[in-house]
Amino acid sequence: MKQFHFSIRISYQDFEAVYTGAASNVLVTDIYGKRIQIPALRFLPFLAPTGIVGSFTLTVDDNNKFVSLKRR
């Protein structure tokens, strides 16, 4: 398993692009500079009226398949 740590700040208005179909992925950069594309729907549990803000850990398996996304 691999873990990636990153911080993110997306306003609620910007995240609305997911609902309109204009966006389906979120591109983040982990603390080591690696760019990671994550399906936007994985962030829905963390969506608040202020948007999505915080530090997260993404865990993937050895085939880079999603395992979990957790707020740190």
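Rings of Phe, Tyr and Trp (its six-membered ring) pair if their centres lie within 6.5 Å; planes under 30 degrees apart count as stacked, over 60 as edge-to-face, and the rest as tilted. Keep that in mind for the first topic.

Two notes on the source. This is a predicted model, so local features need pLDDT of at least 70, side-chain atom pairs count only at pLDDT 80 or more, and totals for chains, interfaces and linings use all residues. Residues are numbered from 1 along each chain as its sequence is written, and side-chain values use heavy atoms, with hydrogens and water left out.

Aromatics, then. The ring rule gives four aromatic pairs. Take Phe6 and Phe56: ring centres 5.9 Å apart, planes at 20°, so this pair is stacked. Phe6 sits in strand β1 and Phe56 in strand β4, 50 residues apart, so the pair links distant parts of the chain. Strands here are DSSP runs of E, at least two residues, numbered from the N terminus. Phe6 and Phe56 are both buried, which means under 20% relative accessible area; exposed is over 50%, and partly exposed lies in between (1.4 Å probe, protein chains only).

Now Phe46 and Phe56. Their ring centres are 4.9 Å apart and their planes at 80°, so this pair is edge-to-face. Phe46 is in the loop between β3 and β4, 10 residues from Phe56 in strand β4. Phe46 is buried too. Which residues end up in the cluster linked by ring pairs? Phe6, Phe43, Phe46 and Phe56.

Next, the strands. Two strands pair if DSSP finds at least two bridges between them.

Then β2 and β3. Strand β2 (residues 25-29) runs antiparallel to β3, and five bridges join them. Val26 stands opposite Ile38 in β3. The two strands form a hairpin with five residues between them, and Gly33 in the turn has a positive phi of about 90°. As for β3 itself, Ile36 and Ile38 make up a covered face; Arg35, Gln37 and Pro39 make up an uncovered one.

On to the largest pocket. A pocket is defined on a 1 Å grid over the protein atoms alone: an open set of points where a 1.4 Å probe fits, with protein on both sides within 12 Å along at least five of seven lines; lining residues have an atom within 4 Å of a point. The largest pocket holds about 200 Å³ of space. It has 13 lining residues, and the closest to its centre are Ile36, Gln37, Leu58, Val60 and Asn64. β1 (2-10), β3 (35-39) and β4 (52-60) each supply at least two lining residues. Which strand gives the largest share of the lining? β3, with four residues.

Last, Thr50. Thr50 lies in the loop between β3 and β4. Thr50 is exposed, with a relative accessible area of 62%. Thr50 and Val60 are 10 residues apart in sequence, yet 27 Å apart in space, C-alpha to C-alpha.

Notes
Points joined across faces, edges and corners; volume = space filled by probe spheres on them.
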